[in-house]
Amino acid sequence: MESAVGSDGAGGAGPGGGEMGRAELPPQSDMPKIMRTWRARRNLDDIPGMGALPRHRHRRGQLTQAIMADLLGVDERHYRRLEHGEGRISKDLVKDCARILGLNPAEASALYVWSGHQPPRAVVPEQPDVPDDLLGMLHRIGHGAYWSDDTYAVLAYNRRAAWHWPWMQRAGANIMEELLAPSSQGREQCRQWETHWAPYMVAELRRSAVVDRDNDRIQQVVRRVRRSAEVRGLWDGDERAEMSLHPYATVRPMVLPLTGAVQVSVQALAPLAHPGLRMIVGIPVDFTEPELPQGPPPPPRPADAER
C-alpha cells in the first residue's frame, strides 16, 4: 500500500493542476516513505524477538509490514494503517516500533510526534560530567557563569563567578539550597529576596516536585529547602500556586563583593547534546564588570557559621 505521494517522487500535477506538487506537501507527508526506508535498512538478524516468530524464522531480507505486525502483536492490516497515519497508535506501540526499527533518539522523537504523542524526556545521567569543550567555553565568558545539572548542583564555575559568589566554591554547593537557606551567604547577596528571588525559585521547585517526582536527587533538594519555615510559608501560602519552567531572563538585584549593589540579568544556556547540563550567566545591566584582583577569590563562609 503506497502513500498519496508515490515512491518514485512524483507528487501530483504540475503548476495549474488540481493536486499539490510534492514541494507543497507538508513534511509529515513523507513519514510513510520514511518508515518504509527505516524498515528496509533494518537487518532482520539484529531485531530482538525474531526467533520467536516461527513463520518468519528462516526468512531473510527486508523487514516487511507483516513481520512488523507480528513483532508488535497487531493485525497486519492494522499495522499498515498505522504506518500510513490512518489509525490510532498508542505510546507503548510507538516505543515498540522505535525499538524494533532501531531508531536513534532524533528518529524516535519524530515518530512520537507524528503519532500524536509527546516524546519521552531524554535520559539524563545522574551526575553528568561537563565536557572539556564546554568547560573551555565557560572560562572564556567575561561574566560570572557556572555549569549546573538539573538538580541545581554546581558542577563547574569560572573565576569571576568565584569572586561574585564565593559560596559557589563550597563542595556540593546547590543553587536552590544556597539561595533559599536562612542566614546563608548566598541569600544575603540577594537584595529584595522576598519579592525578586524566592518566588521565582519556589515556583520552579514546585514544578520540579511534580514533574520530576521520580528523581530522588531533586526531591531531596525540595525536602531540604522546605525545612525552612519561611520557605514553607512562601510555598504553601502562594494563592496562585504558580509553577515556572525556569525564571531566566529576569533582572534581579544583588550585592557583589567587588561592586556592591547591582542589577543582574540571569540568563541560561542548555547544550542540545547534553540535556542534563545548563550554563547560568549573570550579565550586568547597569555596571561594567571590573578587572579581577590578582590572586585567588575569597573563600566561602563556613557552612556551620550560616545555619
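In helix 11, residues A198, V202, L205, R206 and A209 meet V231, L234 and W235 of helix 13, a contact being defined by heavy atoms within 4.5 Å. The axes of helix 11 (residues 198-211) and helix 13 (residues 229-237) come within 10 Å and cross at roughly 70°, the axes being lines fitted to C-alpha atoms over the stretch in contact, with angles from 0 to 180 degrees between N-to-C directions. Helix 11 is therefore roughly perpendicular to helix 13, a label covering angles of 65 to 115 degrees.

The model is predicted, with pLDDT of at least 70 required for local features and 80 or more for side-chain atom pairs, whereas totals for chains, interfaces and linings use all residues. Residues are numbered from 1 along each chain as its sequence is written, and side-chain values use heavy atoms, without hydrogens and water.

The protein chain contains 13 helices and five strands, taken as DSSP runs (H or I, at least four residues; E, at least two) and numbered from the N terminus. Of its 307 residues, 42% are buried, meaning under 20% relative accessible area with a 1.4 Å probe.

Strand 3 (residues 250-256) is mostly covered, with five of its seven residues buried. Strand 3 runs antiparallel to strand 4 (residues 260-269), to which seven bridges join it; pairing requires at least two DSSP bridges. Three residues lie between the two strands of this hairpin, in which V251 stands opposite S265 of strand 4.

Definitions and conventions. Buried < 20%, exposed > 50% of the residue type's maximum accessible area, 1.4 Å probe, protein only. Parallel < 35°, antiparallel > 145°, perpendicular 65-115°, else oblique.
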